[in-house]
Amino acid sequence: MDSVSNSVTGTAVEGRKSGQPEEDAYIRTEQSQKELGTRSAEDEEQGPAGPQKFQHEFWDPEVAHLRALYMKILGLTVVLLILVMWICFPVFWGSLGETSQHVPNLKGLVINRDGADGALGQAIVAAFEANSRGEGVAPNAHLTWVVADLTAFRPNDDLAHAVVEEAAWAAVVVNPSATALLTSARSSGDSSYDPRTAISFYYNQGRNEIATNSFIVPYTTALLETTLASFNAKYNAEFFASLVSDPGQESQQALAAIVHAPQTVSQPFSFTPVNLRPYTKTASQAILLVGQIYLRLTKGRLEVVITFIITMTHDFARGVISPFIRFSSYAKMRVLVPLTLYFPISFSYALVNLPFKLTFGAKYSYAGGFFLFWIFVYMGMSALGLSVEAMITLLTPRFAAYFLVALIIFNVSVASVPIVLQPGFYRWGYGFPVFNLAQAIRTIIFNTKNKMGLNAGVLLAWIVLSSITIPIFTWLTRRKTELAERNRVKEARAKA
């Protein structure tokens with residue numbers, strides 16, 4: 001054969017005739033090797049040609065093409081990150097930035113059991129109706145209070161159950177005969193009178209501790225304290241005015257009775273806050289929000305954890321066997337293997353929480369609550385993990401992290417504060433995995449309203465969606481590879 005000189009690489013290429021397919025392919029390979037800074041053994045024997053390993057400064061002309069490729073990769077990464085920031089970060093900032101503007105979306109109930117002539121009940125109802133209209137407070141710095149019918153919640157236990165079942169975020173009750181009980185205690189000198197029995201304030205911290213601690217308790221407490229301070233001063237003034245206007249024996253007896261029950265004038269009426277579902281374990285935050293972030297990424301850094309580790313490992317491992325198996329087996333492997341791996345990992349994740357004594361027995365037995373917790377963690381991990389498994393097929397491992405950032409931000413944005421405190425744009429959060437997983441976990445460990453059937457349905461829907469899209473995306477990407485392999489085999493057979 002003739003020896004043909006490759007003008008691009010400076011190497012001798014043994015070929016048949018100029019223009020033959022084999023020679024063209026080889027030359028293209030040599031060109032690609034030069035662009036990537038690699039050299040063949042034949043090049044090494046014939047002396048230096050192109051960039052030499054470990055021999056150049058960064059700005060040497062010999063590595064200019066490699067330097068350009070290097071900077072192109074970094075530049076593209078910066079551009080993509082900026083795009084992701086502008087697409088995703090505003091979603092998260094927006095979910096928290098206007099929560100105080102939507103506090104009136106929080107509904108509260110007011111019930112007056114003080115009777116038709118009860119001065120306290122009338123004053124509380126009037127104050128809460130005025131507050132609901134925004135009178136005397138900053139714009140939107142109030143809940144929306146609804147005066148409930150007495151027949152709707154006859155005992156206070158029914159009202160407390162309604163708050164737990166999320167009929168309202170809070171409830172304020174002027175207890176039966178509150179005004180009459182104070183009058184009786186004053187006249188009889190009842191030292192056992194407790195002003196706090198006049199009003200009960202019910203709330204459900206376990207439903208959402210951020211909304212409760214930031215808005216519901218502070219706003220309601222401030223309203224009750226302001227209203228009662230004004231009403232107590234007025235009521236005492238009227239009481240002492242009546243004694244002064246009629247300075248007889250009855251007045252002397254009334255003053256003597258007050259000596260035995262001074263609390264009836266120092267603070268005639270007060271209230272008792274009742275936290276129906278306390279947020280007792282701060283470790284719960286780990287599994288309600290932070291722990292779910294660790295199912296994918298942690299604290300905004302591209303730190304590979306749990307499901308992402310599985311996805312990346314599976315992407316690498318299946319490359320060993322995927323070229324040798326049929327599409328049907330490959331598609332099943334893509335879905336079933338991650339689902340199998342999530343079992344022991346989700347169980348281990350559930351076990352990690354046991355030493356911290358979370359209240360798994362709040363609604364069910366301790367064992368039953370723990371089992372349900374594990375099942376929901378498994379479903380949440382599967383819903384999120386399979387979505388990454390699906391997208392890595394289209395995006396490849398190089399760009400999968402960008403999807404991961406979006407997945408994190410869009411899920412966490414609707415899981416930290418109630419969606420009713422966010423702009424209407426965030427209503428899509430009701431159908432996202434982290435929101436439903438957090439809601440189910442709150443039911444298990446705080447005994448909040450049971451929506452676990454709906455929560456499980458949303459998580460399973462995500463699993464099914466990914467189980468459908470993974471084979472579709474796999475087929476779209478694999479068919480090109482299979483077609484190229486068939487053509488190569490045909491060409492090889494034709495030559496043989």
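Predicted model: local features only at pLDDT ≥ 70, side-chain atom pairs only at ≥ 80, totals over all residues.

Biologist: Which residues touch the most other members in the largest nonpolar core?
Modeller: Those are F360, F373, F376 and I444, out of 35 residues in that core. By nonpolar core I mean buried Ala, Val, Leu, Ile, Met, Phe, Trp, Tyr and Cys residues joined through side-chain atoms within 4.5 Å. Buried is under 20% relative accessible area, exposed over 50%, and partly exposed in between, with a 1.4 Å probe and protein chains only.

Biologist: And which helix gives the most to this core?
Modeller: Helix 13, with 11 residues. Helix 12, helix 14 (433-446) and helix 15 are also among the elements that each supply at least two. Helices here are DSSP runs of H or I, at least four residues, numbered from the N terminus. Apart from this core lies another one of 32 residues, including L106, A178, I199 and I216.

Biologist: OK, new topic: how many aromatic pairs?
Modeller: The count is 24, taking Phe, Tyr and Trp (its six-membered ring) with centres within 6.5 Å; planes under 30 degrees apart are stacked, over 60 edge-to-face, the rest tilted.

Biologist: Why is the pair of F425 and Y426 edge-to-face?
Modeller: Because their planes are at 80 degrees, with the ring centres 5.0 Å apart. Y426 also counts as buried, at 4% relative accessibility.

Biologist: Which residues do ring pairs link into a cluster?
Modeller: F343, F347, F360, Y366, F370, F371, F373, W374 and Y378. F360 and F373 came up in the core too.

Biologist: Where does the charged end of R207 sit?
Modeller: Over the ring of W169, 3.6 Å from its centre. R186 does likewise over F239, at 4.4 Å. The rule is NZ of Lys or CZ of Arg within 6 Å of the ring centre and within 35 degrees of the ring normal.

Biologist: Which helix gives the largest share of the lining of the largest pocket?
Modeller: Helix 15, with seven residues. The lining divides into five nonpolar, seven polar and eight charged residues; Asp, Glu, Lys and Arg count as charged, Ala, Val, Leu, Ile, Met, Phe, Trp, Tyr, Cys and Pro as nonpolar, and the others, Gly among them, as polar.

Definitions and conventions. Residues numbered from 1 in each chain as written. Heavy atoms only, no water.
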